[in-house]
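Dear colleague,

I am handing over the structure that follows, together with notes on what was found in it. Please read the notes with the model open beside them.

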Amino acid sequence: MKKFKIVLVGGGSTWTPGILKSLTNHKETFPLDQIVLYDVDEERQSIVAQAGEILFREESPETKFIYTTDKEIAFKDKDFILCQMRTGGYPMRLKDEQIPMSLGVIGQETCGPGGFAYGMRSIRDMIELVNDVRTYSPEAWIINYTNPAAIVADALSLVFPEDKKILNICDQPVNLLRSYGRLMEVDEKIWEPVYFGLNHFGWFTHLYDKDGNDYVPLIKEKISKDGFIPVDAEQRDKSWLDTYGMVKDMLDDFPDYLPNTYLQYYLYPEYKYHKMDPINTRAVEVMKGREKRVFEECAAIVAANTTKDSKLVHNDAHGDMIVEVAESIAHNRNQIFIVILKNDGLIANVSDSAMVEVAATLGKNGPRAFGVGEVSTFYKGLIENQFAYERLTVEAYLEGSYKKALMALTLNRTVIDAKKARKVLDALIEANQGYWPALK
Ligand code: NAD
Ligand code: G6P
Ligand code: MN
């Protein structure tokens, strides 16, 4: 079997150990000739990489393990580039969350003004990454988790319209599928999902088993009765349990489909704002939780020189998804995943150029998606409004336009009021100096 050469961009990410573990778990079906970790922060990456090197030595010694901050070493002659960078790191995520909260609107990693600010930072580095990868590996697949994936995907589709080997993905649909599986006490792999929307802004309409039975009505009924928790609830922080809890509220109000958890911020901006802590935001929870745990465990592995006694922090859904996406493409498996693609009629009554999230098979020649036809007025209205926000954000970046940035934030359902939008925008411009282009 061919052995692949892959790169993990953002080697110092909190998710890297989980992805590495997933790669070693998949070594029989997706064997690696080499894996390269690449990051711009040598020190941060080296802690994770040293632990990863020990993991590979123990579980996949035939794979060459490299870590570097050199672009040529990283990107030359590779097959797959898996990407998960965070421009500005957690200190900037904290600002994305605290600044809007201090001005009366939701502060969240990917939704609302926080997602806007993060998007304006990510676009620059993601464009640079694609250019770097294409310099050294014109044919490599770029599979991207970098958030806010909706905005990154839209920007890359506008800047690199001819590049058919960039695929943006999100693990939340898989997290939800696995959580429905736990709820119904079945393996989620029995379902063929039907899903539509934008990233962090979509709905499951059907989950068919092999006999064509749809589980969505049963799942809705069970959530409305018993509530909803993540598949890995025991490992989750409180804010995530609250987030999954809101699915019941959304179903009470809008019972048509199973909503993505992120819709809570758009459907209940006032209510959520008042529930959220303006100081101890999710970034604080992550820095004290996942980030601390990952780096402590990596240091412990290095000190012990073995992974044997360690429980590497591992969100299976996240690591497995990106590895299985790469494997399905590499071996032309045509497995179904929910991914982010150019609409082109997939949601028939939504703008063709929007980057939508739908189910698709993934093979050597790329995705082949399942269209959903026309969606009804409420969903079309929500999606078009959110798409307009996303597109104006990207245009604000590309054109350096203050006017478009203000339009974008005014359209965002978490903001609405243009005077609020202007205040938040001005504060975010101040906080993002050096990261954003000048907005005139
Ligand atoms: P993190 O800060 O721990 O890791 C990101 C790493 O990227 C850091 O080590 C940082 O030094 C590095 N980095 C920053 N700029 C870079 C650049 N230009 N090139 C290479 N490396 C760079 O963050 P995290 O919480 O582990 O998340 C990583 C990314 O994955 C974020 O964008 C996050 O939003 C995203 N994510 C997406 C999904 C999804 O569903 N799409 C799921 C989980 C995480
Ligand atoms: C989900 C989303 C991601 C998000 C991640 C982590 O999996 O799909 O886009 O980055 O959660 O969020 P957290 O707040 O735990 O860092
Ligand atoms: Mn996501």
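Which residues are the closest to ligand 1, and how many surround it? Ligand 1 is surrounded by 26 residues, and the closest of them are Ser13, Asp39, Met85, Tyr90 and Tyr118, where a residue is near a molecule or strand if one of its heavy atoms lies within 4 Å of it. Before going further, please note that this is a predicted model, in which local features need pLDDT of at least 70 and side-chain atom pairs count only at pLDDT 80 or more, while totals for chains, interfaces and linings use all residues. Residues are numbered from 1 along each chain as its sequence is written, chains are lettered from A and ligands numbered from 1 in the order in which they are written, and side-chain values use heavy atoms, with hydrogens and water left out.

Ligand 1

The shell around ligand 1 consists of 10 nonpolar, 8 polar and 8 charged residues; here Ala, Val, Leu, Ile, Met, Phe, Trp, Tyr, Cys and Pro count as nonpolar, Asp, Glu, Lys and Arg as charged, and the others, Gly among them, as polar.

Ligand 2

Around ligand 2 there are 14 residues, the closest being Arg93, Asn147, Asp171, Arg282 and Arg290, and by class the shell has 5 nonpolar, 4 polar and 5 charged residues. Asp171 contributes its side chain here, with a polar atom 2.4 Å from an oxygen atom of ligand 2, whereas a polar side-chain atom of His200 lies 3.1 Å from an oxygen atom of ligand 2, and an N or O atom in the side chain of Arg282 is 2.6 Å from an oxygen atom of ligand 2. Of the 390 Å² of accessible area that ligand 2 has on its own, the protein covers 91%. The elements that give two or more residues to this shell are α7 (172-184) and α12 (282-304), and the largest share, 3 residues, comes from α12; helices (H or I, at least four residues) and strands (E, at least two) are DSSP runs, numbered from the N terminus.

Pocket and cavities

The second largest pocket has a volume of about 490 Å³. Its lining has 22 residues, of which Asp163, Lys164, Ile166, Leu341 and Lys342 are the closest to its centre. On a 1 Å grid over the protein atoms alone, a pocket is an open set of points with protein on both sides within 12 Å along at least five of seven lines, a cavity is a set of points where a 1.4 Å probe fits but cannot get out, and lining residues have an atom within 4 Å of a point. Grid points are joined across faces, edges and corners, and a volume is the space filled by probe spheres set on the points.

Asp163 lies in the loop between α6 and β6, and its side chain makes a polar contact of 2.6 Å with the side chain of Arg134 (a pair of N or O atoms within 3.5 Å; within protein, one must be able to donate a hydrogen and the other to accept it, and residues adjacent in sequence count only if both atoms are side-chain atoms).

The structure holds 3 cavities of 30 Å³ or more. The largest cavity has about 70 Å³ of space, and its lining includes Pro148, His200 and Tyr266, with the largest share, 3 residues, coming from α14. The second largest cavity has a volume of about 50 Å³, and its lining has 8 nonpolar, no polar and no charged residues.

Backbone

The peptide bond from Asn147 to Pro148 is cis, with omega near -15°, and Pro148 lies in the loop between β5 (141-144) and α6.

Kind regards

Technical notes:
Accessible areas come from the Shrake-Rupley method with a 1.4 Å probe; for residues, only the protein chains shown count as cover.
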